[in-house]
Amino acid sequence: MTPSARLQTAVARGYTHVTASALGPRQSAVVRIGFSFTWLLFLVREWPHRRELYGPDGPWNWDMAARLIDGNRAFTALMWSDSTVWFEIVYALAIVSSALLLVGWRTRTMSVLFMIGVLSLQNRSIFVGDGGDNLIHLMSMYLVLTRCGQVWSLDARRAARWAGRAWPPRDTTGIVLWAVTGAALLWAQLFTDARLFLTADGPLPGLGWGTVLWGLWLVQAGWWFVRRYAPGEPRTVSDVLANVAHNGALLVIMAEVCLLYASAGWYKIQGSRWQDGTALYYPLHLDYFSPWPWLADTMASSGTLVMVLTYGTVIVQVAFPFTLLNRRAKNVMLVLLMMEHLGIAVMLGLPFFSLAVIAADSVFLPTNALRWAEARLGRARDRLAARAVWLPGQRARESDEESPAGTLVR
């Protein structure tokens with residue numbers, strides 16, 4: 001085979017691989033579960049302080065936020081009204097959308113609402129948060145483009161029930177949800193200062209949030225129409241476009257994680273404290289980052305341990321993007337990175353930051369490990385279900401044997 005023929009074969013194989021299916025269904029599901037769980041946990045944890053963080057009682061009041069939004073043109077639904085009731089509605093919707101995205105109910109719609117909730121709260125008070133919030137901010141937009149509900153979701157269970165039917169059902173719930181979201185979007189554009197422009201103040205130059213949100217709303221209608229009334233070539237083309245968007249977004253998430261570790265590692269190398277192996281010593285003595293002072297003092301008392309962890313952090317972060325060339329090295333490095341962030345969560349009291357980074361790392365989890373975990377969890381679920389069915393029957397038989405009628409028969 002000539003080099004040109006081999007090249008054409010490779011290109012055709014790659015094209016088929018990218019367009020025929022949505023790659024990494026389990027990895028994208030873990031990313032979905034991880035980020036929605038992290039954001040949900042944060043919102044519930046900060047419920048008593050929500051008004052101070054993002055609402056009318058905070059030091060960054062509505063007028064100051066309005067002036068900032070006028071300058072940076074960021075998207076936030078909280079600036080559509082200064083009403084406390086409106087703030088409570090947005091916060092509650094952020095919680096509900098996170099919970100529904102976590103279980104995978106209507107993931108296409110919930111991913112958009114999840115993104116709106118994240119952007120609305122974070123852009124309202126940009127000085128509240130850390131690197132984990134920035135990661136959630138970015139991933140909330142990427143998840144909109146992924147088919148993250150293919151497995152481990154209520155959508156997947158519903159699709160399995162419909163798989164044997166020649167025509168899918170009408171899906172009244174989806175129609176109602178689509179109509180409600182469309183009415184809410186129309187209200188926001190006509191009766192509030194939402195600034196849903198078509199070509200300005202959007203996520204990309206020349207693309208406004210009005211175009212993005214209305215476009216996603218129309219795509220939902222088009223997908224439903226094609227799936228129900230045009231199952232032939234239009235459905236195939238729609239699947240191809242959805243697969244390309246999913247695979248492209250998954251590639252961007254992977255690149256984002258690599259950029260995160262590469263930049264963090266190379267910036268650390270330039271620091272004198274990281275060069276002499278003492279960088280970890282200093283945050284362990286900050287009261288703000290010491291939830292367990294006795295544990296921090298124990299670790300800081302060992303100079304060798306501090307040096308090993310300091311140099312190890314730099315080595316692991318710098319090396320991770322290069323280990324993607326070798327599957328076994330990548331898996332080992334992935335375990336080390338997750339252990340590192342678990343240590344950060346415990347030692348420095350940054351659980352939400354660590355959960356967000358671990359959720360992003362999950363995009364590199366090996367498929368075999370996820371299949372193994374899925375099989376083990378499935379068997380455990382089946383055993384629990386069988387036991388739940390068997391115990392009532394056993395009790396019924398025992399009660400029959402002990403009944404007065406049974407005694408008379410004997």
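Let me start where helix 11 touches helix 14. On the helix 11 side, the residues in contact are Val257, Cys258, Tyr261, Ala262, Ala264, Gly265, Trp266, Lys268 and Ile269. On the helix 14 side they meet Thr313, Val314, Gln317, Val318, Phe320 and Pro321. Sorted by type, the residues of this contact are eleven nonpolar, three polar and one charged. Please keep in mind that this is a predicted model.

How are the two helices arranged? Helix 11 covers residues 233–269 and helix 14 covers residues 303–323. Their axes lie 8 Å apart, and the packing angle is about 140 degrees. That angle makes helix 11 oblique to helix 14, because only angles over 145 degrees count as roughly antiparallel. As for handedness, helix 11 and helix 14 cross in a left-handed way.

Next, the aromatic rings. A pair of aromatic rings is described by two things, the distance of the centres and the angle of the planes. How many aromatic pairs does the structure hold? There are 17. Take Trp39 and Phe42: their ring centres are 5.6 Å apart and their planes are at 20 degrees, so this pair is stacked. Both residues sit in helix 2, residues 25–45, and because they are three residues apart there, about one helical turn separates them.

Phe352 has a relative accessibility of 22%, so Phe352 counts as partly exposed; the cut-off for buried is under 20%.

Elsewhere, ring pairs join several residues into a cluster. Which residues are in that cluster? They are Phe75, Trp80, Trp86, Trp187 and Trp209.

The last item is one arginine. Arg158 is located in helix 8, which runs over residues 154–162. Is Arg158 buried or exposed? Its relative accessible area is 15%, so Arg158 is buried. Along the chain, Arg158 and Leu101 are 57 residues apart, and their C-alpha atoms are separated by 15 Å.

Technical notes: Residues are numbered from 1 along each chain as its sequence is written. This is a predicted model: local features need pLDDT of at least 70, side-chain atom pairs count only at pLDDT 80 or more; totals for chains, interfaces and linings use all residues. Side-chain values use heavy atoms; hydrogens and water are left out. Axes are lines fitted to C-alpha atoms, for helices over the stretch in contact, and angles run from 0 to 180 degrees between N-to-C directions. Helices (H or I, at least four residues) and strands (E, at least two) are DSSP runs, numbered from the N terminus. Angles under 35 degrees count as roughly parallel, over 145 as roughly antiparallel, 65 to 115 as roughly perpendicular and the rest as oblique. A crossing is left-handed if the near helix is turned anticlockwise from the far one by less than a right angle, and right-handed if clockwise. Contact means heavy atoms within 4.5 Å. Ala, Val, Leu, Ile, Met, Phe, Trp, Tyr, Cys and Pro count as nonpolar, Asp, Glu, Lys and Arg as charged, and the others, Gly among them, as polar. Buried means under 20% relative accessible area, exposed over 50%, partly exposed in between (1.4 Å probe, protein chains only). Rings of Phe, Tyr and Trp (its six-membered ring) pair if their centres lie within 6.5 Å; planes under 30 degrees apart count as stacked, over 60 as edge-to-face and the rest as tilted.
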